[in-house]
Amino acid sequence: MRQHVDNLGMLGGEIIRDLNYTPALRKVAAQRLLRDALHADGGPLIHNGAEEEQRSLDSTCRKLHRFLSQPQR
């Protein structure tokens, strides 16, 4: 569970990095930014990250993608 929390923090950091490099994204809804960052095969590439960290982030992103893709109850 702790690893997933750390990975979500890393995912947020990558989204914030994109916002800083592309100011036009600041007008995009947070939900859309999150969905655009998540894919069935993983998440965004980590800047200056190790391969093991990338695999861990991808695992968390795949799980979050599956969760967000479930129909609303």
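T60 is buried, with a relative accessible area of 6%; buried stands for under 20% relative accessible area, exposed for over 50%, and partly exposed for values in between, using a 1.4 Å probe and protein chains only. This is a predicted model, in which local features need pLDDT of at least 70 and side-chain atom pairs count only at pLDDT 80 or more, while totals for chains, interfaces and linings use all residues. Residues are numbered from 1 along each chain as its sequence is written, and side-chain values use heavy atoms, with hydrogens and water left out.

**T60 and its partners**

T60 lies in helix α3, where helices are DSSP runs of H or I with at least four residues, strands are runs of E with at least two, and numbering starts from the N terminus. Setting aside neighbours within four places in sequence, T60 is in contact with H4, N7 and L8; contact means heavy atoms within 4.5 Å. Let us follow one of these partners back. N7 lies in helix α1 and counts as buried at 1% relative accessibility. Beyond four places in sequence, N7 is in contact with S56, L57 and T60.

**How the helices pack**

Two packed helices are described by the angle between their axes and the distance between the axes. Here the axes are lines fitted to C-alpha atoms, for helices over the stretch in contact, and angles run from 0 to 180 degrees between N-to-C directions. The axes of α1 and α3 come within 9 Å and cross at roughly 90 degrees. The two helices are therefore roughly perpendicular to each other; the classes are roughly parallel under 35 degrees, roughly antiparallel over 145, roughly perpendicular from 65 to 115, and oblique for the rest. On the α1 side the contact is made by Q3, H4, N7, L8 and L11, and on the α3 side by S56, L57, T60, C61, K63 and L64. By class, this contact has five nonpolar, five polar and one charged residues. For that count, Ala, Val, Leu, Ile, Met, Phe, Trp, Tyr, Cys and Pro are nonpolar, Asp, Glu, Lys and Arg are charged, and the others, Gly among them, are polar.

Now for the other pair. The axes of helix α1 (residues 2-21) and helix α2 (residues 30-37) come within 11 Å and cross at roughly 110 degrees. That makes α1 roughly perpendicular to α2. The crossing of α1 and α2 is right-handed, a label used if the near helix is turned clockwise from the far one by less than a right angle, with left-handed used if anticlockwise. L11, I15 and L19 of α1 make the contact with L33, L34 and A37 of α2. By class, the contact of α1 with α2 has six nonpolar, no polar and no charged residues.

**The nonpolar core**

The largest nonpolar core has nine residues: L11, I15, L19, L33, A37, L38, I46, L57 and C61. Such a core is a set of buried Ala, Val, Leu, Ile, Met, Phe, Trp, Tyr and Cys residues joined through side-chain atoms within 4.5 Å. The elements giving two or more residues to this core are α1, α2 and α3, and α1 gives the most, with three residues.

C61 sits in helix α3 and is buried, with a relative accessible area of 1%. Apart from neighbours within four places in sequence, C61 is in contact with L11, L38, H39, G42, G43 and P44.

**Toward the outside**

D36 lies in helix α2 and counts as partly exposed, at 44% relative accessibility. L45 is found in the loop between α2 and α3; L45 is exposed, with a relative accessible area of 66%. Not counting residues up to four places away in sequence, L45 touches E14 and Q54. N48 also belongs to the loop between α2 and α3 (51-69). N48 has a positive phi of about 60 degrees although it is not a glycine, and N48 is exposed, with a relative accessible area of 82%.

**C-alpha pairs**

| Pair | Sequence separation | C-alpha distance |
|---|---|---|
| D36 and I15 | 21 residues | 9.7 Å |
| C61 and D41 | 20 residues | 8.1 Å |
| L45 and D58 | 13 residues | 8.8 Å |
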